[in-house]
Amino acid sequence: MVEFEESGSQTVKAQLKLRELILSGALPAGERIAELTLVELLGVSRTPIRAALIRLEQEGLLDALPHGGFAVRTFSEAEVSDAIELRGTVEGLAARLAAERGAAPALLAQGQLCLDEIDRVLSEPALTDESFSAYVVLNQKFHTVLAELSGSPVLVRELERLISQPFASPSGFVGVQSNTPQARDMLIVAQHQHRQVLTAIVQREGARAESLMLEHSRLAQTNLRQAMRSPHDFAMPGVQLIRKRA
């Protein structure tokens, strides 16, 4: 299994929790985020919090303020849904091109190794904070390899641009998704889709590879909606919609 330094694991933990706080409105849009408050709230040091804030700014959840620091962006549920749908469309095209053009064996091997690592993470009967953090990192790595399998720098650049939209990243999970009975089952379904799309690419089945990635993005849509609207399962009673656009 991939080993993570403590600081890296804490950064992922901070990212997950901060996304949750943004979804719930606990971090109000437009207000400057106080790092010291987050240290107390999340129980991690300032270094991983700063790294997490920078990462969330890159994901489009935060705005960098002119005199330093960050504030939560205002965005709508429709924007998030459209961004995830568009990512699925572009990833589907990447998978189809990889299958039709023939993918580089070295990249296919990287993708296979990544999925083997994910299998080991999911072989445990229950997810811990550490194993979920490992999944987040490996999942992002697989999606990066998938883009590169297309052999298209244009698509790679477009996907890099897309994941700068709120919650459009393949690993845009929230903390509450890591500690529910459904979490591992959801990730197993996603992993099955990962393996199916890689098989379709190897077998040069372009249409099937494209269709699988579209379904994969819709699974992401479903899971995010559950995180927003299932207070009993996800313990987020304040969440009904992602913040409305003013």
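**Ground rules.** I am working with a predicted model, where local features need pLDDT of at least 70, side-chain atom pairs count only at pLDDT 80 or more, and totals for chains, interfaces and linings use all residues. Residues are numbered from 1 along each chain as its sequence is written, and side-chain values use heavy atoms, with hydrogens and water left out.

**Helix 2 against helix 3.** I took helices (H or I, at least four residues) and strands (E, at least two) as DSSP runs, numbered from the N terminus. The axes of helix 2 (residues 35–42) and helix 3 (residues 46–58) come within 10 Å and cross at roughly 110°. Axes here are lines fitted to C-alpha atoms, for helices over the stretch in contact, with angles from 0 to 180 degrees between N-to-C directions. So helix 2 is roughly perpendicular to helix 3, a label that covers 65 to 115 degrees. I then checked who touches whom, with contact meaning heavy atoms within 4.5 Å. From helix 2, Glu35, Leu36, Leu38, Val39 and Leu42 meet Arg46, Ile49, Arg50 and Leu53 of helix 3. By class I get six nonpolar, no polar and three charged residues in this contact; Ala, Val, Leu, Ile, Met, Phe, Trp, Tyr, Cys and Pro count as nonpolar, Asp, Glu, Lys and Arg as charged, and the others, Gly among them, as polar.

**Leucine 62.** I found leucine 62 in strand 1 (residues 62–64). Is leucine 62 buried or exposed? Leucine 62 counts as buried, at 2% relative accessibility (buried is under 20% relative accessible area, exposed over 50%, partly exposed in between; 1.4 Å probe, protein chains only). Arginine 73 is 11 residues away in sequence, yet its C-alpha is 5.1 Å from that of leucine 62. Skipping residues up to four places away in sequence, leucine 62 touches, among others, Ile22, Ile33, Leu53 and Phe70.

**Cores.** I used nonpolar core for a set of buried Ala, Val, Leu, Ile, Met, Phe, Trp, Tyr and Cys residues joined through side-chain atoms within 4.5 Å. In the largest, of 35 residues, Tyr135, Leu149, Phe173, Leu187 and Ile201 touch the most other members. Helix 6 gives the most to this core, with nine residues. Apart from it lies another core of 23 residues, including Val44 and Phe70.

**Glutamate 91.** Beyond four places in sequence, glutamate 91 touches His143, Leu146, Leu159, Pro170 and Met213.

Note on methods
Angles under 35 degrees count as roughly parallel, over 145 as roughly antiparallel, 65 to 115 as roughly perpendicular and the rest as oblique.
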